[in-house]
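These are my notes from one sitting with a single model. I wrote down each item as I looked it up.

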Amino acid sequence: MDNNRDTAADPLPQTGPGTEMPETELPGTEASETNLPETEAAQLVPLAELHLHIEGTLQPELILELAERNGITLPYSGLEELRGLYEFTDLQSFLDLYYANMAVLQTERDFADMTRAYLARAAAAGVRHAEIMMDPQAHLSRGVSLETCVKGVASALATSQEDFGMSTLLIAAFLRDQSEESALEVLDGLLAMNAPIAAIGLDSAEVGYPPAKFERLFAKAREAGLRLTAHAGEEGPPSYIIEALDVLGVERIDHGIRCMEDPDLVERLVEDRIPLTVCPLSNVRLRAVDTLADHPLPAMLAAGLNVSVNSDDPAYFGGYVDDNFSQLKAVFDLSDFDRARLAANSIHSSFASEERKAELLDELNGG
Ligand code: ADE
Ligand code: ZN
């Protein structure tokens, strides 16, 4: 199995403070290539999605379809009752439903169908490169094997370029509310099966589970040549971001919005051009911010932080990456330049090969 075309070999570009962003013009994406109204399609910019949990793309309709296919009885009567559960008070209230709904994922085909549905929708949103997280421990604990979940997702990713015009790579995310021993065992299993993963990540409940707990896991992944990212500063304090950088040695921070509470940290993140994969609609739905108008994204851009816009768990949070952009635009009057800059940031911050990044930047520049 080798869908790992854009993998671990390429270091992040060594851009420092004052490094000029590439000049960007908004390319004209043809409305006919997407399923969006012409006005919205015209505003699409080709970009990379760097923060996406494949299990968070499981739409309610697909949950019911897979439950029926696999003979699984769900604890709700149908679509309406399920949709009624998508009201969250914090990260944990979402995670409870997110993990429960995974019960319908049983076979390789289920994982492949879920992945293909995401790829089709993301392609229509202008995504040209996607770095996709999956949570192997959440499947192993339900009795679904590593082979089943990894091969199912990877089989869909293997043909993403031909099928959807998107390059993709896979990130194995580890659950920070489980033990490091469990994570190490799963990483060993992934390496033993030569799983086509390019990176590891750290996700699930954040507060009370500081990054340092996973020092050995990240050291081992680094030795294996994998790229490193971790959720930090979503609900957790700025110190978790510092720990993820200093103890785990991550190259990228997922979310990171709470960095804004620590001016010294902001200065460091700007100086080192550390990518922050921000997910605005997720932050609203999980109440990290009160409303989209309260989101720190404009302040983060103004501070010179290397931010990108991502969808996190689009089936749960009311939107894919294009929905994030259109809602941001409605609230903040995001300029064309900001959109192009966010797209350029996403490409520079990806784990793709330098060659692929150059292609994507060329496309962004209308080439
Ligand atoms: N797993 C899926 N979505 C997540 C999020 N937003 N934060 C932490 N873990 C997650
Ligand atoms: Zn996430």
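Residues are numbered from 1 along each chain as its sequence is written, while chains are lettered from A and ligands numbered from 1 in the order in which they are written.

**Entry: confidence**

I looked up pLDDT, the predictor's confidence in each residue, from 0 to 100. The chain averages 90, and 88% of the residues score at least 70. Residues 1-39 are below 50, and this stretch has 68 contacts in the model beyond near neighbours in sequence. Where pLDDT is low, the predicted coordinates should not be read in detail.

**Entry: the chain overall**

I counted helices and strands as DSSP runs numbered from the N terminus (helices H or I, at least four residues; strands E, at least two). The chain has 18 helices and eight strands. For burial I used the number of other C-beta atoms within 10 Å of a residue's own, with C-beta atoms placed from the backbone: 20 or more is buried, 12 or fewer is exposed, and in between is partly exposed. Of the 367 residues, 49% are buried. Among contacts with a separation of 6 or more, 76% join residues 24 or more positions apart.

**Entry: Phe-88**

I found Phe-88 in the loop between α3 (79-83) and α4 (91-101). Is Phe-88 buried or partly exposed? Phe-88 is partly exposed, because 19 other C-beta atoms lie within 10 Å. Leaving out residues up to four places away in sequence, Phe-88 touches Ser-93, Phe-94, Arg-285 and Leu-286. I also checked Phe-317, which is 229 residues away along the chain; the two C-alpha atoms are separated by 9.4 Å.

**Entry: ligand 1**

I took a residue as near the ligand if its C-beta atom, placed from the backbone, lies within 6 Å of it. Which residues surround ligand 1? I list His-53, Gly-56, Leu-91, Tyr-98, Asp-203, Ser-204, His-231, Glu-234, Ser-282, Asp-312 and Asp-313. For classes, Ala, Val, Leu, Ile, Met, Phe, Trp, Tyr, Cys and Pro count as nonpolar, Asp, Glu, Lys and Arg as charged, and the others, Gly among them, as polar. The shell around ligand 1 then has two nonpolar, five polar and four charged residues.

**Entry: α5 against α7**

I fitted axes as lines to C-alpha atoms, for helices over the stretch in contact, with angles from 0 to 180 degrees between N-to-C directions. Helix α5 (residues 108-124) packs on helix α7 (residues 146-158) at about 35 degrees, and the axes are 7 Å apart. On the α5 side the contact includes Phe-111, Thr-115 and Leu-119, and on the α7 side Cys-149, Val-153 and Ala-156 are among the residues. The contact residues divide into seven nonpolar, four polar and five charged.

Val-153 lies in α7. I count Val-153 as buried because it has 28 C-beta neighbours inside 10 Å. Apart from residues up to four places away in sequence, Val-153 touches Ile-54, Phe-111, Thr-115, Met-134 and Leu-170.

**Entry: Pro-136**

I placed Pro-136 in helix α6 (residues 136-140). Pro-136 is buried, with 24 other C-beta atoms within 10 Å. Neighbours within four places aside, Pro-136 is in contact with Leu-146, Cys-149, Val-150, Ala-172 and Val-186. From Pro-136 to Cys-149, 13 residues apart along the chain, the C-alpha separation is 7.0 Å.

**Entry: Gly-233**

I found Gly-233 in the loop between β5 (227-232) and α11 (238-248). With 27 other C-beta atoms within 10 Å, Gly-233 is buried. The residues that Gly-233 touches include Pro-238, Ile-253 and Cys-259.

**Entry: positive phi**

I noted a phi near 45 degrees for Arg-273, a positive value in a residue other than glycine. Arg-273 lies in the loop between α12 (263-271) and β7 (275-278). Arg-287 has a positive phi of about 60 degrees although it is not a glycine. I found Arg-287 in the loop between α13 (280-285) and α14 (297-303). Arg-287 is partly exposed, with 14 other C-beta atoms within 10 Å.

Conventions:
Predicted model: local features only at pLDDT ≥ 70, side-chain atom pairs only at ≥ 80, totals over all residues. Contact = placed C-beta atoms within 7 Å.
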